[in-house]
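Try each task before you read its solution.

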Amino acid sequence: MANQFSRTEMLLGTEAMDKLKKSSVAVFGIGGVGGYTVEALARSGVGIIHVIDNDTVALTNLNRQIIATHDTIGMKKTLAAKKRILSINPHCNVFTHDVFFTPETAHEFDFSEFDYVVDAIDTVTGKIELVMQAQAAGVPIISSMGTGNKLDPTQFRVADIYKTSVCPLAKVMRHELKKRGVKKLKVVYSEEMPSEHKVKLDEDCGNRRSIPASNSFVPPAAGLIIAGEVIKDLTK
């Protein structure tokens, strides 16, 4: 009998779909990258999704975040993501965590509950802590490198962190992870040089001193690539 996942099952097979239904994936960061990862995981039949973010949907998110519409402005991103997931797959178990992930908040999560971790957050300290926590728990993790100030989605690559180049964030992560004895980390990164365009910010953009420019197609491309890697690894 046909169902909403029939077309996916034709590619992956019944056994793989059963694995996805039983899998628990935690997506840290539900922005331009993580939102599209969540979208693809939900549409692929992942049965348990944890969404972690402490932000609310803002007007400036509309250009690139799939959960951002005029109807969701001001809503917690985790709630917007949950509503969207359940509108796609009402049988998915969605857990929301309104938390800004840092080394100080890491204790709020039991990483052994997850079958896969997606790092789509912005801060280096948070990203490093995610890697350390996931690897300590023996849970696979994939990490998004920089997607801001870029225009070419075809330049994304999937690689081990120590085989990356060009991306400034990946350079910092290589250095920090090497100091901590981390031997490998799967990442999605871009080989495109970041744009040097300067953008004048107003108070609607928040209190940060500077933010990267972004668009509707580069962060989503990274998010979808990440989702593809998660699905592939979970169904091996």
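This is a predicted model, and we begin with its aromatic rings. Ring pairs join F28, F101, F109, F111 and F114 into a cluster.

**Exercise 1. Classify the pair F28 and F109, and say which parts of the chain it ties together.**

Step 1: count the pairs. The structure holds seven aromatic pairs by the rule used here.

Step 2: check the geometry. The ring centres of F28 and F109 are 5.3 Å apart, and their planes meet at 65°. Planes over 60 degrees apart count as edge-to-face, so the pair F28 and F109 is edge-to-face.

Step 3: place the residues. F28 belongs to strand 1, while F109 sits in the loop between strand 3 (93-97) and strand 4, so the pair ties together parts 81 residues apart in sequence.

Step 4: F28 and F109 are both buried.

**Exercise 2. Is the pair F28 and F111 stacked or edge-to-face?**

Step 1: take the distance and angle. For F28 and F111 the values are 5.8 Å centre to centre and 0° between the planes.

Step 2: apply the cut-off. Planes under 30 degrees apart count as stacked, and F28 with F111 is a stacked pair.

Step 3: locate the partners. F28 in strand 1 and F111 in the loop between strand 3 and strand 4 are 83 residues apart, so this pair links distant parts of the chain.

Step 4: compare with the burial cut-off, which is under 20% relative accessible area. F28 has 0% and is buried; F111 has 3% and is buried.

**Exercise 3. Describe the lining of the second largest pocket.**

Step 1: take the volume. This pocket holds about 330 Å³ of space.

Step 2: name the residues. Of its 14 lining residues, N3, F5, M17, K21 and G45 lie nearest the centre.

Step 3: sort the lining. It divides into three nonpolar, eight polar and three charged residues.

Step 4: find the main contributor. Helix 2 (residues 14-22) gives the most, with four residues.

Conventions. Residues numbered from 1 in each chain as written. Predicted model: local features only at pLDDT ≥ 70, side-chain atom pairs only at ≥ 80, totals over all residues. Heavy atoms only, no water. 1 Å grid on protein atoms, 1.4 Å probe; cavity = no way out; pocket = protein on both sides within 12 Å on 5 of 7 lines; lining within 4 Å. Points joined across faces, edges and corners; volume = space filled by probe spheres on them. Helix = DSSP H or I, 4+ residues; strand = E, 2+ residues; numbered from the N terminus. Nonpolar A, V, L, I, M, F, W, Y, C, P; charged D, E, K, R; others polar. Phe/Tyr/Trp six-rings, centres within 6.5 Å; stacked < 30°, edge-to-face > 60°. Buried < 20%, exposed > 50% of the residue type's maximum accessible area, 1.4 Å probe, protein only.
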